Structure formats: structure tokens, C-alpha cells
Amino acid sequence: MLADVARGLARSQKELSPKYFYDRRGSELFEEITRLEEYYQTRTERALLERMMPRRVDLHRPRALVELGAGSARKSRIILDAMVEAGCGRLFVPVDVSGDFLQRTAATLREEYPSLSVAPRTADMTEPLDKPDGLPRPTWFALLGSTIGNFPEADAAELLGGVARAMNPEDRFLMGADLKPGPGKSVDRLERAYDDARGVTAAFNLNVLSVLNRELGADFDPDRFRHRSFYNEEDDRIEMHLVSVAEQEVTIPGLGVTRLEAGESIRTEISCKYDRETVARLFDAAGLEIESWDEDEEGMFALVLGRHRH
């Protein structure tokens with residue numbers, strides 16, 4: 001973690017990995033974000049899952065679901081419900097970086113789905129996938145919520161390539177993709193999803209400083225930073241930053257002093273936006289191909305089912 005933070009803060013545009021948002025507090029804040037009026041992504045994806053999953057599951061009959069970045073697994077339940085209803089579901093493997101949050105989720109799921117085995121994996125999704133031995137096939141691998149958007153294209157292709165290598169030909173990969181602005185989706189609507197009126201996203205963003213203070217003994221003062229987010233049209237992505245409100249110095253043991261000018265920012269997250277062409281390019285680089293593409297009527301969000309490229 002120290003080496004990762006050191007690399008990020010040494011760049012001309014200082015940055016921190018968004019994975020450090022997700023301690024228990026960060027995971028809870030993100031769950032709150034997903035319920036906000038401004039955050040269309042979750043409810044739009046849920047509606048797509050509810051519409052598409054019974055048919056897709058009945059067609060492919062997956063026996064196991066491995067979900068990267070599972071969190072509370074609220075949306076996964078729609079897939080699991082369809083698997084149980086179809087009589088094919090045997091195993092759910094939720095993978096998440098926040099271990100205590102994940103264990104609570106797994107305990108709840110075992111009560112809700114007594115016919116399913118639940119085998120949680122606490123892991124960083126960017127590391128090689130540690131899947132259970134003897135996965136029942138076919139298996140679906142899932143990355144929902146447009147989490148893929150947090151990675152630049154090359155890193156995203158590497159992540160999906162790791163998933164592809166874990167897949168058998170009969171397996172499938174299910175991904176949520178937040179779409180680029182278009183006729184039914186203004187830039188303003190997109191930006192409001194990352195800067196809500198209640199300030200929950202700002203609290204989520206600032207929480208990364210508390211994580212670094214606790215884990216690394218840093219002395220960030222969250223009151224000396226403010227949340228900023230905007231759509232970068234050139235790179236088709238939302239960027240979230242923490243902006244220093246004054247000239248300041250931050251000390252991290254083992255790293256020394258980091259100086260920030262007034263107005264200088266630390267980028268904490270990117271969230272890339274897609275269309276079918278960019279997803280197809282990403283899948284191709286990972287050794288996958290699009291099997292089905294479903295999006296809502298306004299063109300806000302898409303669910304993509306992929307398979308090994310023939």
C-alpha cells in the first residue's frame with residue numbers, strides 16, 4: 001500500500017487508487033450512494049437485470065456465479081434468484097477487497113439462499129483471480145456497476161484478460177457498462193451522479209484520507225480538502241479529485257513529506273464511459289467477444305454478456 005501511494009503521489013497529477021475507498025465505512029457510504037436519486041446507475045442496472053436475467057439464465061443455465069467487487073451483493077441477488085428459479089444454481093463466490101463487509105454479506109446470503117453454497121473471497125480484483133477449485137460449470141463471472149470504468153483501457157483489458165483465462169468455453173462474463181452522454185443522457189445528468197446534493201459522494205471521496213491516516217499513519221486533514229468531480233470529454237470519463245484548499249504539507253511515515261499547493265488536486269477515481277464500439281474493443285483485447293448487449297430505453301446503461309472469442 002505504501003509503495004502504491006508513493007507512486008501515485010509522485011506523479012505530476014497526484015493520484016490514489018480508488019480501491020482505498022473501501023474500508024467498512026467507505027463500503028457503507030458507497031451503498032448509500034447507490035440509493036441516491038442522482039445516482040441513476042444502480043436502479044437502471046437493476047431494472048435491466050430484472051428484465052434480462054430470467055431469459056439469459058434459462059438459456060445458459062449457469063451453476064455458479066463469481067462476482068468481482070461484490071459489495072453487499074444487492075444486484076447479484078437478481079441473478080441468484082433467476083439461477084435458483086431455473087434450478088441450476090449451486091455456488092456463489094463473492095469477491096471483494098473489504099473483508100469484514102464481505103463476511104457480513106456472505107452470512108446474510110447463506111440465510112437467504114439455503115440451497116446455495118456461498119464461498120467469499122477477500123481479494124483485490126486487480127490481482128490474479130483466486131477461484132475455488134472444481135467450480136461447477138457453466139460458471140458466470142460478473143463485474144457489475146460499471147466498476148470496469150475505474151480502470152484505464154490497458155488496465156481494464158488486463159483485468160478482463162485475467163477473467164477470460166479463468167473461463168471455460170461454456171462460461172460467460174456479465175458486465176455493467178455506464179454509457180457515454182447522448183440524446184437521452186446529458187453531461188449535466190452524468191456529473192450530478194458524482195456530486196449529489198446531500199454530499200454523500202463528497203464524504204465517500206474524503207474517506208480515502210481517513211483510510212491512509214489509519215493504515216499508514218499519515219496526517220491528512222480532511223477539512224483541508226474539498227471534493228470535485230467533472231466529465232472529461234476528451235477521455236470520455238468522469239474524474240473525481242480531492243482539491244487542497246490551501247498550501248499544505250502531509251507526512252506519511254516511510255514516505256516523508258508531500259507538499260500540495262493551494263488548488264492542487266489528488267485524483268482519486270476515474271469512471272470511463274462506453275458505447276458498444278469501445279466495449280467490443282476492450283473485450284477483443286481481453287480475448288472475449290460480445291454475445292449480447294442490452295441497454296435501457298434512454299441509453300443510460302448497458303448489460304453486456306461476453307464469451308470466449310472464437
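Which residues are exposed on the other side of α9?

Analyst: The model is predicted, so local features need pLDDT of at least 70 and side-chain atom pairs count only at pLDDT 80 or more, whereas totals for chains, interfaces and linings use all residues. Residues are numbered from 1 along each chain as its sequence is written, and side-chain values use heavy atoms, with hydrogens and water left out.

E277 and A285 are the exposed residues there (exposed means over 50% relative accessible area, buried under 20%, partly exposed in between, with a 1.4 Å probe and protein chains only). Helices here are DSSP runs of H or I with at least four residues, and strands are runs of E with at least two, numbered from the N terminus.

T278, V279, L282, F283 and A286 of α9 are buried. Viewed down the helix axis, these buried residues of α9 lie within an arc of 135°, so they line one face (the arc is that of the directions from the helix axis to the C-beta atoms). Their packing partners are α6, β6 (172-178), β12 (288-295) and β13 (301-308), where contact means heavy atoms within 4.5 Å.

As for the partner helix, E153, A156, A157, L160, G161 and A164 in α6 meet R281, L282, F283, A285 and A286 in α9. The residues of this contact comprise eight nonpolar, one polar and two charged (Ala, Val, Leu, Ile, Met, Phe, Trp, Tyr, Cys and Pro count as nonpolar, Asp, Glu, Lys and Arg as charged, and the others, Gly among them, as polar).

After α9 comes G287, with a positive phi near 85°.
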